[in-house]
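Q: I would like to learn how to read a predicted model carefully, one feature at a time. Could we go through one together?

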Amino acid sequence: MFIKDFTLHGGLDKGQVDIMNEKALYLVENVGVNIPHEGIVNLLSDYEGVKIEKNMVKFRSDLVQKALEDAHYDLPDYGKDRWIIDAGAHQTSYYDLDTHKLRAPTIKDLIDLTILGDALDAVGSAPVVPLDVPIHLQILSMHKISYEYSRFRCNDIYEHMDKPTPECADYLYEMAQAAGKRFTFGIWMISPRSFDKNGLKVAYHLLDKGVPMWISTMPVAGVSGPITMLSTLLQSMFEHMAGLTMLNLINTKGNNYIAPDDAFEADPFDMKFSTFVYGSAEYTRATLHKISLCDYYNIPVIAKSLNTAAKEPDAQASFENGVHTLIAGLAGARAFRTGGLLSCAEIYSAEMLVINYEIIEYIKNILKKEEFNDRRLMLDEIAEVGPGQSFIGRRSTFENFRKEYWEPELFNHSNLGQWQEMGSKSAWQYTTELVKKKIKEHEYRIDDEARKELDRIYEKAKKDKKLEDSFKFNRGK
Amino acid sequence: MFDELPESIIRGDEEEAKSLTQKYLDDGKEPGDILQNGLIAGMDVVGQRFKIYEMYLPEVIMSATAMKSAMGLLKPLLLKTERSAAGMVIMATIEGDVHDIGKNLVTMMLEGAGYDIIDLGVDVQIEKIIETAEKEKADVIGLSALLTTTMLALEPSIEMIRKKISPVKIMVGGSPLTQEFADKIGADGFAPDAMRAVNLTRRLAGK
């Protein structure tokens with residue numbers, strides 16, 4: 001008789017997760033991971049329960065359990081009670097707002113897209129890589145712009161920015177202190193069962209600074225993980241556990257955790273096109289499994305439901321994002337990423353970010369709790385308005401219409417004639433206008449004192465030959 | 001003459017491919033003939049079907065595996081000119097980058113297409129690439145980069161190669177790369193997937 005909360009059945013149940021947990025622990029203890037860093041392996045060799053053969057390292061289960069228990073996840077206040085859009089990151093192809101053609105993003109695009117993201121309360125990492133900036137200053141620019149033009153970006157548990165060299169990490173640390181922002185460092189594993197040695201090098205460099213560190217991995221089913229999504233999820237669990245245990249043993253002064261952004265990520269691979277395929281049915285199903293796993297390990301849930309294989313902000317993009325986000329929302333997710341991305345994270349689209357935001361608002365309004373009471377049943381209203389009359393002019397209509405109905409900013413509810421009168425614009429055209437308006441109108445900037453200090457650090461970095469050389473991998477050494 | 005052999009390659013039947021190859025050798029057929037009209041003929045069909053998305057990656061890999069196994073029987077018997085008929089390709093993921101899924105697929109496809117490949121692996125210094133390409137008289141060098149930091153190192157790498165070796169052709173690949181970017185950095189070609197890399201190699205090697 002009463003309206004119940006929406007529920008979703010399916011995904012992994014607790015018994016199944018128990019089994020996967022056991023198997024993942026078995027893999028960590030008996031199969032191990034490759035850690036190609038002598039200094040880190042030496043540190044690990046001090047611990048009982050760590051077995052090392054050359055660079056292959058196995059951890060006893062109790063060490064893994066401890067690492068999982070020790071991890072804590074400092075959700076920002078805004079992450080606790082509202083729906084979060086975690087906008088996508090580091091793209092090198094961008095849809096020009098005027099021509100709708102793909103091109104390399106610039107520093108101006110980075111600023112505009114950061115402003116746009118902040119207008120939509122987006123969190124996460126910097127949206128694009130400014131390819132008109134020298135390589136050794138790109139990551140610094142991305143952080144600097146994020147601090148200057150955004151309240152949330154590069155400043156919370158949702159960000160996963162690269163810090164590719166120790167010298168770069170040192171500058172970013174200094175910038176974060178100057179701006180009063182959060183500094184973390186993350187290591188990406190290279191599936192199967194290994195680490196990016198540059199990442200280990202930077203981690204080792206930061207060990208005595210009390211820096212929070214996170215681990216991430218993304219095995220790909222049928223390529224860097226076994227063919228079934230379940231088995232690749234299991235591999236992801238194993239790799240995450242091993243990586244977290246490693247961090248917990250060596251980064252003793254900082255909090256270590258599994259990055260919620262890609263917690264237990266397992267990606268499907270399209271064997272026809274030989275490419276990742278986000279937004280597919282299997283990927284959506286994997287999100288349900290991830291949510292079960294994150295609940296099990298008390299890791300904040302972020303559904304990666306805003307990625308899509310679509311190349312444009314079109315029907316495929318909206319369908320994949322919409323369905324995936326709805327299902328994740330029904331399963332309890334309230335944070336969603338990678339807003340703005342297209343073509344399995346090859347492209348950044350400002351319009352897609354706005355569409356993503358609208359999708360989330362739409363779904364939020366589907367799932368919102370609806371009061372069931374006499375006030376809303378309006379028995380008296382029905383009785384009072386006679387045959388042939390209208391409710392349009394009623395006080396109750398006037399007082400309640402805004403509360404009862406969500407007014408979309410983007411999805412067009414006009415009739416055909418109105419749409420034609422307004423210029424018969426396509427969704428993409430209309431969204432572009434909205435993007436430009438939001439960028440123009442959004443005003444947040446970091447305070448002047450912090451901005452000046454960031455400028456000073458950046459100017460210092462520009463002249464730092466050691467920083468520049470640290471990015472020179474192949475320049476006639 | 002070799003109808004069943006291309007079919008076994010297309011089906012990815014390694015045992016059948018080896019067995020037929022041995023049978024043709026025992027029958028006195030020329031190894032070069034078996035290679036061209038048996039094995040490569042089969043892989044050409046596989047390549048074409050893969051290119052138009054009628055064959056899928058695991059099927060192509062099975063075919064390439066069958067080809068490689070059968071080639072093992074022919075290699076010692078082939079004349080030097082026949083063995084390197086397709087060309088020599090050096091493959092590497094650039095220094096600072098450890099991603100190799102795409103590179104490995106390209107390597108497999110090129111082997112299947114009859115090229116001699118030296119795969120230097122990941123995180124390879126440019127000096128090593130140059131040294132190997134010079135020593136092996138490479139026709140084509142294939143460079144892979146998946147990170148934005150390493151992708152930008154491709155341009156100076158290409159400059160260094162050009163200073164030391166001529167007239168080797170250089171092709172590039174990797175997820176963040178585009179044709180526009182490849183043109184800008186002076187590469188001879190860019191391929192968005194493994195099959196297109198094979199076609200590109202054919203064009204660049206001129207063989």
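Q: How much of chain A counts as buried?
A: A residue is buried if 20 or more other C-beta atoms, placed from the backbone, lie within 10 Å of its own, exposed if 12 or fewer do, and partly exposed in between; by this criterion 49% of the 477 residues of chain A are buried. Bear in mind that this is a predicted model, in which local features need pLDDT of at least 70 and side-chain atom pairs count only at pLDDT 80 or more, while totals for chains, interfaces and linings use all residues. Residues are numbered from 1 along each chain as its sequence is written, and chains are lettered from A and ligands numbered from 1 in the order in which they are written.

Q: What does the radius of gyration say about chain A?
A: The radius is taken over C-alpha atoms, and the globule rule is 2.2 Å times the number of residues to the power 0.38. For 477 residues a compact globule would have a value near 23 Å, and chain A, with 24 Å, agrees with this; along the principal axes, its C-alpha atoms fill a box of roughly 85 × 55 × 45 Å.

Q: Which residues have the most contacts inside the largest nonpolar core?
A: In soluble globular proteins, nonpolar side chains tend to be buried together. A nonpolar core is a set of buried Ala, Val, Leu, Ile, Met, Phe, Trp, Tyr and Cys residues joined through C-beta atoms within 7 Å. The largest one here has 134 residues, and A:Met237, A:Ile258 and A:Phe336 have the most contacts inside it. Helix α9 (residues 229–250) of chain A gives the most to this core, with 12 residues, where helices are DSSP runs of H or I with at least four residues, strands are runs of E with at least two, and both are numbered from the N terminus.

Q: What does A:Met237 touch?
A: Two residues are in contact if their C-beta atoms, placed from the backbone, lie within 7 Å. Leaving aside residues up to four places away in sequence, A:Met237 touches A:Met20, A:Ala24, A:Phe264 and A:Leu293.

Q: Is A:Tyr357 buried or exposed?
A: A:Tyr357 lies in helix α12 (residues 350–367) of chain A and counts as buried because it has 26 C-beta neighbours inside 10 Å. A:Tyr357 touches A:Ile85 and A:Leu120, again without residues up to four places away in sequence.

Q: How many residues of chain A are in contact with chain B?
A: On the chain A side 21 residues are in contact with 25 residues of chain B.
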